[in-house]
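Dear colleague,

Please find below the structure that I am handing over to you, with its sequence. My findings follow directly after it.

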Amino acid sequence: MIVELDSLDKDILNLMKENSKLPYAEMASKLHSSVGTIHTRIKKMERLGVIQKTDIQINYGLLGYDITCFIGIYLNKSRDYDQVVKGLQKINEITDLHYTTGQYSMFAKLVLKDTQHLREILHDQIQTIEGVQRTDTLLSLHQSLKRKIKLT
């Protein structure tokens, strides 16, 4: 199901993606609308599943997590996918996980403290999951862009 949004809904979402804690009154002022309208529209988008949650961005580096890496995961067989997902969901350091086409069966993003932490996660957790054939690891040297798309 595709949800149709009007320009006010999209404007609300674009403001919220920049600052999910923006007060309704400030949104209303910026969008030349009433607080009640903003509140009603947000609640409607939540009911429809367009807005699933609002969250914060954490600077993990300031907390001692200095490595961001990506791991390409090869499965023994595609039917192992569900079992492997269950195992990977137990690993706290995995922040994103995708089922992919192309070279890898799955692609994961991890945030880790150091290379020893990476070795422990790879050796002791990921590579011990039944159905994981092998992995390729790519280290991020710098994140040049992180954004949410602007709705038009």
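The protein chain exposes about 10600 Å², of which carbon and sulfur atoms supply 49%. Accessible areas come from the Shrake-Rupley method with a 1.4 Å probe, and for residues only the protein chains shown count as cover. Of the 152 residues, 32% count as buried; here buried means under 20% relative accessible area, exposed over 50%, and partly exposed in between (1.4 Å probe, protein chains only).

Please note that this is a predicted model, in which local features need pLDDT of at least 70 and side-chain atom pairs count only at pLDDT 80 or more, while totals for chains, interfaces and linings use all residues. Residues are numbered from 1 along each chain as its sequence is written, and side-chain values use heavy atoms, with hydrogens and water left out.

Overall fold

The protein chain contains 5 helices and 4 strands, arranged along the sequence as α-α-α-β-α-β-β-α-β. The radius of gyration is 20 Å, well over the 15 Å that the globule rule gives for 152 residues, so the chain is more spread out than a compact globule. Helices (H or I, at least four residues) and strands (E, at least two) are DSSP runs, numbered from the N terminus. The radius of gyration is taken over C-alpha atoms, and the globule rule is 2.2 Å times the number of residues to the power 0.38.

Along the principal axes, the C-alpha atoms fill a box of roughly 55 × 40 × 25 Å. Among contacts (heavy atoms within 4.5 Å) between residues at least 6 apart in sequence, 66% join residues at least 24 apart.

Charges and salt bridges

The mean positions of the 21 positive and 18 negative charges are 4 Å apart. In this count Lys and Arg are positive and Asp and Glu negative, with His and the chain ends not counted; the place of a charge is NZ of Lys, CZ of Arg, CG of Asp or CD of Glu.

A search of the whole structure finds 7 salt bridges, each defined as a side-chain nitrogen of Lys or Arg within 4 Å of a carboxyl oxygen of Asp or Glu. In one of them, the side chains of Arg41 and Asp6 meet at 2.9 Å, N to O. Arg41 belongs to helix α3 (residues 35–48) and Asp6 to the segment before α1 (7–18), so this pair ties together parts that are 35 residues apart in sequence. Asp6 is partly exposed, with a relative accessible area of 34%.

A salt bridge also joins the side chains of Lys44 and Asp9 (3.0 Å, N to O). Lys44 lies in helix α3 and Asp9 in helix α1, so this pair, too, ties together parts that are 35 residues apart in sequence. Lys44 counts as partly exposed at 26% relative accessibility, whereas Asp9 counts as buried at 1%. Asp6, Asp9, Arg41 and Lys44 are linked in a network of salt bridges.

Within helix α3, Lys43 and Glu46 are 3 residues apart, about one turn of the helix, and form a salt bridge whose closest N and O atoms are 3.3 Å apart. Lys43 is partly exposed at 34% relative accessible area, as is Glu46 at 36% relative accessibility.

Leu8

Leu8 lies in helix α1 and is buried, with a relative accessible area of 16%. Not counting residues up to four places away in sequence, Leu8 touches Leu31, Ser33, Thr37 and Arg41.

With kind regards
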